[in-house]
Amino acid sequence: MSIKKKIKKIPGKFKFLFTVFFVYSIVFYFNKSLAITGIEKTYIMLIKIIPLLLFVLIIMTVMNLYIDSGKIEKHLGKDSGIKGWVYATIVGLLISGPPYVLFPMLKDLKASGMKNSLLAVFLYNRNVKISFIPVMMYYFGLKFTIITSVAIICFSILNGILIGFFVQDTAK
Amino acid sequence: MNIKKATQKSLNNFKIMIPILIGVLLLVNLITVASSDIYLKLFTGNYIKDSFIGALAGSVSFGIPVTSYIIGGELLKDGVSLLAVTAFILTWSTVGIAMLPLEISFLGKKFAIIRNIVNFIFAIVIAVLVVWILKII
């Protein structure tokens, strides 16, 4: 296998990390202490956030245990009406996963009649995650967390209305 | 879903998150150490400029939202304005320039482009609104 093909096979997250290591090695060559201080600061930060990450992992696992994708499909399908908006908001808040995991699921939902506006509502509410709220509170405080979360939920509805206006649903 | 599958799903999300988190924190710390006042020069407290730069930075980044909270929190400690950080964490998971081709292929070109533009504008509006509300309460 050629080097080009091997590089192509490396996942994006590692390509990014290797690029950062490469930047560090260049910096290290020209300014040793700068690179070492950067690594030390990162190490201290990572040690500090380990308990926080473990907490998030536990909450995410508990949420995964109680979310049933079959039920989601049932409530977000065509003719879901006002209930569909409520479900899109709630599911967006509860479901976790990177976009490349969610997009195929959303494509299936769209194929079974989910409106573009509900897709937009769902995707916008990914911003607020019950499992991540403790982290947001730790860094930004309770007031910020409440105001931002409420604003995101309200704007997700506006987002859905705008997307529904600009992007017509394809007739089935 | 049983406990084994649920744990596996969460761990898979973490496997994606960790390399990105380490990479971004390494970069942020390198920039901070190299120029301790870079953020103070870049973020002047101007409502539109700060939130625009923050939103732009979040748009080109990717990962699960918790990563953006951690990075945003550290940026805040380094002197980046709350306005910029709020816009940053908002666009982190709602605007995905890197994910745009993927979104287009699954959900359609018009949907993906309009959604990302609307979300970018909303991030700036919400950031201004949140900081303004925090100031008055």
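Helices (H or I, at least four residues) and strands (E, at least two) are here DSSP runs, numbered from the N terminus.

**Figure 1. Helices of chain B in the predicted model.** The structure shown is a predicted model. Chain B contains seven helices and zero strands, and its pattern along the sequence reads α-α-α-α-α-α-α. The C-alpha trace of chain B spans about 45 × 35 × 30 Å along its principal axes. Of the 137 residues in this chain, 53% count as buried. Where contacts in chain B link residues at least 6 apart in sequence, 81% of them join residues at least 24 apart.

**Figure 2. Helices of chain A.** Chain A has nine helices and zero strands, which follow one another in the pattern α-α-α-α-α-α-α-α-α. This chain comprises 172 residues, of which 33% count as buried. Among the contacts in chain A with a separation of 6 or more, 81% are accounted for by residues 24 or more positions apart.

**Figure 3. Confidence along chain A.** The mean pLDDT of chain A is 82, with 87% of its residues reaching 70 or more. Among the elements of this chain, the lowest mean pLDDT, 67, belongs to helix α4 (residues 69-76) of chain A, and the highest, 94, to α9(A).

**Figure 4. The crossing of helices α7 and α9 of chain A.** Helix α7 (residues 116-124) of chain A and helix α9 (residues 142-166) of chain A have axes that come within 7 Å and cross at roughly 150°. Angles over 145 degrees count as roughly antiparallel, and α7(A) is therefore roughly antiparallel to α9(A). The crossing in which α7(A) passes α9(A) is right-handed. On the side of α7(A), the contact is formed by A:N116, A:S117, A:L118, A:A120, A:V121 and A:Y124. On the side of α9(A), the residues involved include A:I152, A:F155, A:I157, A:I161 and A:I163, together with A:G160 and A:G164. Divided by class, the contact of α7(A) with α9(A) holds nine nonpolar, six polar and no charged residues.

**Figure 5. The contact between chain A and chain B.** Chain B contributes 51 residues to this contact and chain A contributes 56 residues. On the side of chain B that touches chain A, the elements giving two or more residues are α1 (3-34), α4 (65-77), α5 (82-94), α6 (100-107) and α7 (109-136) of chain B. The most is given by α1(B), with 19 residues. By class, the residues on this side of chain B comprise 34 nonpolar, twelve polar and five charged.

Methods. Residues are numbered from 1 along each chain as its sequence is written. Chains are lettered from A and ligands numbered from 1 in the order in which they are written. This is a predicted model: local features need pLDDT of at least 70, side-chain atom pairs count only at pLDDT 80 or more; totals for chains, interfaces and linings use all residues. Axes are lines fitted to C-alpha atoms, for helices over the stretch in contact, and angles run from 0 to 180 degrees between N-to-C directions. Angles under 35 degrees count as roughly parallel, over 145 as roughly antiparallel, 65 to 115 as roughly perpendicular and the rest as oblique. A crossing is left-handed if the near helix is turned anticlockwise from the far one by less than a right angle, and right-handed if clockwise. Two residues are in contact if their C-beta atoms, placed from the backbone, lie within 7 Å. Ala, Val, Leu, Ile, Met, Phe, Trp, Tyr, Cys and Pro count as nonpolar, Asp, Glu, Lys and Arg as charged, and the others, Gly among them, as polar. pLDDT is the predictor's confidence in each residue, from 0 to 100. A residue is buried if 20 or more other C-beta atoms lie within 10 Å of its own, exposed if 12 or fewer, and partly exposed in between; C-beta atoms are placed from the backbone.
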